[in-house]
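The sequence and the coordinates come before the description.

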Amino acid sequence: MGLLRYTVYRFLQAIPVLIGITIITFLLANLAPGDPVRLMLAGQEVDEELIETIEQRYGLDRPLYERYVTYMAGLIQGDFGHSIHRNRPVTDLMLNRVGPTLLLVLSAYAFALVTAIPLGILAATRRNEPTDHVSRIVALIGVSTPSFWIGIMLILVFAVQLGWLPSTGLVYPWRGPDGYDWIETWPELIYQTIRHLLLPMVALGTLQMATLMRVERTQMIESLQGEYVKLARAYGVPERTILRKHAFQVAQLPIITIVGLNLSTALGGAVLIETVFNINGMGRLFIEAIQQLDYQLIMGITIVIATMFVIGVIITDIAYAYVDPRVTYGEGE
Amino acid sequence: MDDSGPGDDIEVRRGWRHTVRTVKEDTTARWGLYIVAVVLLISAYTIIDSNLSRLTLGAMADFTFAEALPIFEHPERIPGPGEGEGHLPPAFHADGSMAHPLGTDPDGRDYFTRIVYGAQVSVSVGIVSTLIGFVGGTLVGAVAGFYGGKVDDVLMRIIETVYAIPPLILIIIFTVFITGGNPDIIYAVVGVGITFIPVFARIIRSEVLSIREMDYIEAARASGVKNREIILRHVIPNSFAPVLVYATLQIGVTILIVAGLSFLGYGAQPPTPDWGQMLNVSHGYMHANVWLSIWPGIAILITIMGFNLFGDGLQDALDPRLND
């Protein structure tokens, strides 16, 4: 029950932040010098009457607060406004783009966690041995390399030179085999999904992996020096059990927080990785919208991505409360 | 008041001396410092060179002093037809020559010169925008932490909100909206700096919250020192060390983000040599010329690694928990 109440509380707490995001995005888009319609029509024959008609039609001639209220009223109903540039509702434009980005970001996280946690523990238990040094160098290179360059290098090696993996696009499992005329069965669909996902996943996940690995190592070292570990050792608990049961669990708490906070970097990185690998996700849609100065679309994407981040942080907070040994300690032992 | 003043001073000085000594003894920090020093020297040289030649030879001068050296060419001038060949491979390749150690770009410009001159954009942008974030964040964080209450609440809510938008996206929106679709590196620098204000503000705030309760602040307050003076004289200087470490590490992050920004076309603009922007160009030649994509990435990697190594070393020096 406590957890459920906490969940509701965290979501309620996020409401001001979400409203704040809409205000910031709205102000950025509307207080910028230059008027969106004029900028959009730049380079074309400018007809003053046409501009006025467009502005009237989309309510751009009304005062700022009125426009914001209208925008928010639509937002509550899931209406992100109308893209003047593409003449389509923004919600429609974004709908098919969320899936690829989520697939990319979540798989990158899976890759990062699966590699970082064992390597971090290994480094911590073999502190100052060659294993530790190698993993530290890997982590250092990982946090120092731009993700998009890792992507380019992966394409050069695995797609261009070796020809093992595709360099562009993704295959989306939710479309089913019928969604593609070159894929016939489910196993083949899964196989193709993984093949297409591998390179962008590693490119986006490397930075996360390196960051998490460093934290895991530091946390494990600290946790292995804790009083409770000393006590367990004194009681003659085997080292493996100490590692698995006592040190490990405590060391994961900061990891959970960092996973949540790093989501912001990962979502930003998705813009770059989607560009390098030609993936039709939110990131590429954002770049297209920016190039076309499509204000409504830019606002919509920014709000959706920021909301993804806020929800991600809430989920990790709840996970934290769930895993925290101070809450479950009494039952566990 | 009489004891706390000089007492603090000794405390701070001992802290710095200890830091310098630890950095000297720590191999990683030393290597980081070497790399940072070399990169800083190169960028300082290229900045002086391009500005000096502009000043002495006039704006129209199509020449830099570095060109007098046999290894450099002009970083921006595109050779005329028949003058230089594009897409030359690096010197160690069978078709390469020592005249162009890293080959030439599609326009026939010497790639080595462009990589070297690329340092000035990345490094100066990294440092300047980190400084903007550092100064802005220090002010916001110090005010929020010191006054607490409503001021703190409002500032923290704003910061939390800005924090929710991924930096890269916020910076692109900022540059594009401000410039009306004609991005420029200056706006990118300011945008990156503003985006990092929340990050710094958070750290400073938590430092200030712990310092606020210290006896010497209480003493200063009791003797009637104004709040503004307490913040500037006591609070900010004493919360400096952890923020400095963070700033060093942040320079690496900033260079990483600016590279991404330039790669997408919203940072440095051609013909300015910049690593991210060079990767943008080379992305179009990925199949034709592999070398073009390799060198700028290595340059970015080495530079950021230098700042990270140095920052890590500083952190070890200042965080006693990890020293045993």
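## Domains of chain A

Domain bounds here come from an automatic or database domain assignment. On that basis chain A is divided into domain 1, residues 3-91, and domain 2, residues 94-323. The model is a predicted one. Taken over C-alpha atoms, the centres of domain 1 of chain A and domain 2 of chain A are separated by 32 Å.

In the contact between these domains, 25 residues of domain 1 of chain A meet 21 residues of domain 2 of chain A. On the side of domain 1 of chain A that touches domain 2 of chain A, at least two residues each are supplied by helix 1 (2-31), helix 2 (36-40), strand 1 (82-83) and helix 5 (90-125) of chain A. Helix 1 of chain A gives the most to that side, with 13 residues. By residue class, the side of domain 1 of chain A that touches domain 2 of chain A divides into 15 nonpolar, 8 polar and 2 charged residues.

## Chain A as a whole

Chain A holds 13 helices and 2 strands. Along the principal axes, the C-alpha atoms of chain A fill a box of roughly 85 × 50 × 40 Å.

Of the 333 residues in chain A, buried residues make up 39%. For contacts in chain A between residues at least 6 apart in sequence, 75% join residues at least 24 apart.

## Two loop residues with positive phi

Asn128(A) is found in the loop between helix 5 and helix 6 (130-144) of chain A. Phi of Asn128(A) is near 65°, a positive value in a residue other than glycine. Is Asn128(A) buried or exposed? Asn128(A) has 9 other C-beta atoms within 10 Å, and a residue counts as exposed if that number is 12 or fewer, so Asn128(A) is exposed.

Leu293(A) lies in the loop between helix 11 (282-291) and helix 12 (295-323) of chain A. Phi of Leu293(A) is near 50°, again a positive value in a residue other than glycine. The count for Leu293(A) is 22 other C-beta atoms within 10 Å. A residue is buried if the count is 20 or more, therefore Leu293(A) is buried.

## The contact between chains A and B

How many residues does each chain bring to the contact? Chain B brings 36 residues and chain A brings 40 residues. On the side of chain B that touches chain A, helix 4 (149-164), helix 5 (167-179), helix 9 (240-264), helix 10 (275-283) and helix 11 (291-318) of chain B each supply at least two residues.

The largest share of that side, 9 residues, comes from helix 5 of chain B. The residues of the side of chain B that touches chain A divide into 24 nonpolar, 10 polar and 2 charged.

## Ile42 in chain B

Ile42(B) has its place in helix 2 (residues 27-57) of chain B. With residues up to four places away in sequence left out, Ile42(B) touches Val116(B) and Ala119(B). Ile42(B) and Ile302(B) are 260 residues apart in sequence, and their C-alpha atoms are 13 Å apart in space.

Around Ile42(B) there are 18 other C-beta atoms within 10 Å.

Technical notes: Residues are numbered from 1 along each chain as its sequence is written. Chains are lettered from A and ligands numbered from 1 in the order in which they are written. This is a predicted model: local features need pLDDT of at least 70, side-chain atom pairs count only at pLDDT 80 or more; totals for chains, interfaces and linings use all residues. Two residues are in contact if their C-beta atoms, placed from the backbone, lie within 7 Å. Helices (H or I, at least four residues) and strands (E, at least two) are DSSP runs, numbered from the N terminus. Ala, Val, Leu, Ile, Met, Phe, Trp, Tyr, Cys and Pro count as nonpolar, Asp, Glu, Lys and Arg as charged, and the others, Gly among them, as polar.
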